[in-house]
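Dear colleague,

I am handing this structure over to you, and I would be glad if you could look through it before reading my notes. What I found follows directly below it.

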Amino acid sequence: MIPETAEHAIDARDLTRRFGSFVAVDHITFDVRTGEVFGFLGANGAGKTTAIKMLVGLLAPSDGEAKVAGFDIHTQRDQIRRSIGYMSQRFSLYADLTVRENFTLYGGIYGLTDAQIRERTTTLLDTLNLASSGDELVGRLPLGWKQKLAFSVALLHEPKIVFLDEPTGGVDPITRRQFWELIYAAAARGTTVFVTTHYMDEAEYCDRISIMVDGRIAALGTPAELKERFGADSVDDVFVRLARGAKKGEAA
Amino acid sequence: MNINALRAFVIKEFHHILRDRQTLTILLLMPLVQVVLFGFALRSDVRDIRLAVVDPMPDHATMDLRARFVGSARFRIVEVFKTPDAIEPLFRRGSADVALVFEPGFANDLESTEPAHLLVAIDASDPNTGTTYLNYTRAVIQAYQSELNARSNQVRIATQTRMRFNPTLESVNLFVPGLIALVLVLVSALMTAISLSREKERGTMEVLLVSPLRPQQIIVGKVLPYLVLAFANVLTALLAAWAIFHVPFRGSIALLLSESILYTLVSLALGVLVAARTSSQRAAMLTALLATMLPSALLSGMIFPVASMPGWLQPVTNIVPAKWFIVIARGIMLKGVGLAILWRETLILSAMALLLLAAAMRSFKPRLD
């Protein structure tokens, strides 16, 4: 029985996903509070992406329950879709469309009016200092800009929760820093941010983090709590200690 | 369905198509190029047949018949000999296609009750072409003989045979409907399969599936722009066929265009099915080529008549949509018939469209399980 979770953006209970005999996600239970930046950490192959795919409705859970934005992932997927934004691990904008056309497409898909799309596009482009690049093809932009754009597109319809699956992969440190400023700005506006990463320095920026090892959540708390609990100097140390006991580790 | 979402999606698809100039150019020019290439290269009727004549004792009748061959516009006399010995080397060199050998006193024989003997030798190294040569030759001789018979009685030329060739039925007329079928399946099935699997491969499909867009909307959005493109292709192919090869158009254009849309829907659904079952663009492309292009070209009756295929293969052709479309298109264009005759083929295509579209929708899962 899942308790009413008005204050929780995400509530997962024993969420499990098996692929044949392989258990990718093994009975994970956690909650994400509304408005927080929640870091979902783990080595490659630890099950992060599988978990996120179940939460956004791309993958059916083998077992367990979860509520996203107060809606059941088994029965209320349509409501969930309207309440969330999603930036997948792979670059999700269309390279052969211009910046503005990408905004128009996703705005249209999420049911924004033409006026809303115009207004938000202008605002977002100003925020990103990309106002002059609105009519450029996305494929011609540098990777860092693309990632920031993809993030903005995921926020275009002002979702309650935004899921970011390794948004800063392959991006230089300065752009990563800028990206996190965007994440903070979104959180400040009340958007819950669920972000996966394997950059441990980024974990320090999160309100709370969970560390996944072998499909299970091995630790969950604020960065300070975890460092204290494990007697470590950094989240990186915590992570290494937990991951050392992993069976799969970096295998995948 | 959210119309605005669909509209946004369709606009995006048009952008994809219009931005990729090279592919678009190829797609738009393909019907033109194919009609021209097939029209000129793949015709089974032949022109400019090189005729060698052996006329040991030229008289008014032999000159008359020779003139008929030249006048038929298909034959060109390359050489005239006195004895048949010269023919063999000529054939060996490949400098003649047909030889016409008269006997001395051909005119006398024609006027007597005896049959006038005429030997027709054909270069039949390519049996199909050889048969065609023979048929043209017989047509000229028979026309000549019938004309003589109209004036006097009992004229007989010993080569008389029954004509199987219908002189008005040009092969290009038969190819054009098949070409339309081929171009449509190429644009529709192949391009939809590629475009859908590209979204899967690049990861944009995930984002679409997470959005409120329904899978049906994604499919409709993908299919609609290619329907427009395919329609443009049909018009190009018809225009090229009419302007370059003077292919007749006897039936209703509206009916043909409607049937083309129906057939395009079948092809599009095939493309979606292929994309749903394959995981990469390359696999989708190869599967689409194998599953749609080859059967459409080889098993549809476009090039090889179904009736001349082995018995076990003939029923297989029934599942090739192009076969039915070609029957329909030939019926409308060449015979000028309408739905009263073609309702059965139309019904089969409609059933295929419904079945495949349903299967495509089903196979295209909102969740990637």
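**The sheet in chain A**

In this predicted model, six strands of chain A form an open sheet with mixed pairing, and their order is S6-S7-S8-S3-S9-S10. At the edges are strand S6 (84–87) and strand S10 (216–221) of chain A, each of which pairs on one side only. On average, and with direction ignored, neighbouring strands of this sheet are turned by 15° against each other.

Within the sheet, strand S7 (residues 161–165) of chain A pairs with strand S8 (residues 192–197) of chain A in the parallel sense, over five bridges, and Ile161(A) has Thr192(A) in S8(A) as its bridge partner. Helix H1 (residues 48–56) of chain A lies across S6, S7 and S8 as well as strand S3 (37–42) and strand S9 (208–213) of chain A, and the helix runs at about 150° to S7(A).

**The contact between the chains**

Chain A contributes 23 residues to the contact and chain B contributes 24 residues. On the side of chain B that touches chain A, helix H1 (3–19) and helix H8 (204–210) of chain B each supply at least two residues, and H1(B) gives the most, with nine residues. Sorted by class, that side of chain B has nine nonpolar, seven polar and eight charged residues.

**The domains of chain B**

Chain B is divided into domain 1, which takes in 26–42 + 169–363, and domain 2, which covers 49–151. The C-alpha centres of domain 1 and domain 2 of chain B lie 45 Å apart.

With best wishes

Terms used:
Residues are numbered from 1 along each chain as its sequence is written. Chains are lettered from A and ligands numbered from 1 in the order in which they are written. This is a predicted model: local features need pLDDT of at least 70, side-chain atom pairs count only at pLDDT 80 or more; totals for chains, interfaces and linings use all residues. Two residues are in contact if their C-beta atoms, placed from the backbone, lie within 7 Å. Helices (H or I, at least four residues) and strands (E, at least two) are DSSP runs, numbered from the N terminus. Ala, Val, Leu, Ile, Met, Phe, Trp, Tyr, Cys and Pro count as nonpolar, Asp, Glu, Lys and Arg as charged, and the others, Gly among them, as polar. Domain bounds come from an automatic or database domain assignment. Two strands pair if DSSP finds at least two bridges between them. Axes are lines fitted to C-alpha atoms, for helices over the stretch in contact, and angles run from 0 to 180 degrees between N-to-C directions.
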